Amino acid sequence: MKKIINDPETVVQDALRGMQAAHSDLLTVHYDPAVVVRADAPVRGKVAIISGGGSGHEPLHGGFVGRGMLDAACPGPVFTSPTSDQVVDAVSRTDGGAGALLIVKNYTGDVLNFEMAAELAESEVRSVVIDDDVAVKDSLFTAGRRGVGGTVLLEKIVGAAAERGADLAACEALSLRVIASVRSMGLALTACTVPHVGSPSFELADDEMEIGIGIHGEPGRQKVPAGTAAEMVSALLDPILEDLPFASGDRVLLFTNGMGGTPLLELYLAHGIAEQLLADRGITVERRLVGPYITSLEMQGMSLTLLRLDDEMVELWDAPVHTPALRWGV
Amino acid sequence: MGCTAADVVAALRAAAAVVQEHRDELVRLDQAIGDADHGENMKRGFTAVLSRLDTEPPDTPGKVLKLVATTLISTVGGAAGPLYGTAFLRASAAVGDAAELDRDTVARALQAALDGVFARGKAVVGDKTMVDALTPAVTAAASAEGTVAATLSAAADAAEEGASSTVPMVARKGRASYLGERSAGHMDPGARSTALLLRAFADAAAKS
């Protein structure tokens, strides 16, 4: 294992120090428990938007802390959910009197820890669980779909709503609408290596790809021969389109996400193909996001996310945002 | 003769040592069907438990169990933190302020721990989780006779058998469930850690 780290035990803490140094105008890092908080928190009268999860998905979530997006992020160890006391601490540091909305990705550990935090917090707290990954069957026989790329879009849109003064119930309702309208799927060309494990999380031959991967180095549902870019994009887009389902005439946001080890050159190439395939089906891409925003360490691969837009979502997507990873309108 | 706070502390020290010793095994089991963090998370949690037992040793068995619960909840993360944390918290409540634990109290505490895991994690037997180890352990403890050590030993035997029974199962909870049929053929890491903890408690009780 070759990585730019000193010690697997302190990798998250060490990275947080660098983040604090790089972005002290936008955020403040607290270390015990670990919480990344918007620099001007608490903002009086504003609903606090809080998320968190295992580290290793940077810039998610700490990179989205700032005006117009998250008030706080709770970074867990690599690929491990944060503990409930981190979340309770985040709530108490950011609640400006209007309560807090917790955005939880649907993983057993995250759900359990945020659930305990919501019970322990002294503020008014609501939680929403995002589960946009169509690769996982949602049934009584699984933990349900995972929260993946849609999380980035949800945090931006509901963050903008809270910034404009939407109350807790409105932020919750908007979140549920976004969650109901967003779908994602990912693939990997290589596995990733978790620092404290030291070996790749699954095996892939040189000519294979894993379809339906999550963001924690967990294997997907199926290994298939790695084909052309067009085949890869279709392998992700088709199940997404069928699932919601998206239909001709829909207006969408297309998010082409890199898993950490895939260059932008390839992401733009894939994005161009996806735009064309959507145009062929009469689906209008009105907004887009391309880049590594929810990653899985150094994994090579990508995910596609489609969000069916309405006017309010478009307006909130375009609203100013000032965070380490997303910045426009400021 | 029952277990005093000091005996419970000794059992937890033994458990921490076992978790440390089996850290890599738990990582490997979790790597096969999950996200490879269970061994590291448990090690981090029990290392924190050790350091808190050193600095603030509690004076009743119930308080020891509560200290373990709050420490695991605030240090482990993942699903194991809330699940083991809730288990120890319920066990602590079941024990109350008794100065010593007899075998009935131990059996009751195990039942309370299982109830807590059911309530928090909502898994049932057959889902390929720690419930598959803890459920038979509770049943065995309830019908065991004799000393605390014999009770815990029966529970540990049953938990080990329960953990082995998870190998052919297809997971229906947690990250392993994403794999569907591919989750079969591997032991559930949470069931394994449950069996390890109970064996460590039983061995410690036999020595005290």
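Predicted model: local features only at pLDDT ≥ 70, side-chain atom pairs only at ≥ 80, totals over all residues.
Contacts between them involve 25 residues of domain 1 of chain A and 32 residues of domain 2 of chain A. On the domain 1 side of chain A, helix H4 (150-163) and helix H5 (168-181) each contribute at least two of the residues that touch domain 2 of chain A. The largest share of that side, seven residues, is supplied by H4(A).

The largest nonpolar core contains 182 residues, and the members that touch the most others are Ile50(A), Ala72(A), Ala137(B) and Ala155(B). Helix H9 (residues 189-207) of chain B provides the largest share of this core, ten residues. From chain A, at least three residues are drawn from each of domain 1 (13-181) and domain 2 (182-316). In soluble globular proteins, nonpolar side chains tend to be buried together. The surroundings of Ala137(B) can be described residue by residue: with neighbours within four places in sequence left aside, Ala137(B) is in contact with Leu110(B), Ala155(B), Ala158(B), Ala159(B), Gly162(B) and Leu198(B). Among these contacts, Ala155(B) is also one of the core residues that touch the most other members.

For chain B, an unreviewed UniProt entry carries the annotation "domain: DhaL" over residues 6-203. Across residues 6-203 of chain B, the chain is 71% helix and 0% strand. The C-alpha atoms at the ends of this stretch of chain B lie 15 Å apart.

Within chain A, helix H7 (residues 264-280) consists of 17 residues. From the first C-alpha to the last, H7(A) reaches 24 Å, close to the 24 Å expected at 1.5 Å a residue. Ala270(A), His271(A) and Ala274(A) are the buried residues of H7(A). Viewed down the axis of H7(A), these buried residues fall within an arc of 105 degrees and therefore line one face of the helix. An α-helix has 3.6 residues a turn, so residues three or four places apart point the same way. The partners of the buried residues of H7(A) are helix H6 (229-243), strand S10 (251-258), strand S11 (284-291) and strand S12 (301-308) of chain A, against which they pack. Leu265(A), Ala279(A) and Asp280(A), by contrast, are exposed on the other side of H7(A). H7(A) is followed by Gly282(A), which has a positive phi, near 80 degrees.

Notes: Residues numbered from 1 in each chain as written. Chains lettered and ligands numbered in written order. Helix = DSSP H or I, 4+ residues; strand = E, 2+ residues; numbered from the N terminus. Expected span 1.5 Å × (residues − 1). Buried ≥ 20, exposed ≤ 12 C-beta atoms within 10 Å, placed from the backbone. Arc of directions from axis to C-beta. Contact = placed C-beta atoms within 7 Å. UniProt positions renumbered as here; feature names shortened; annotations may be inferred. Core = buried A, V, L, I, M, F, W, Y, C linked by C-beta atoms within 7 Å. Domains from an automatic or database assignment.
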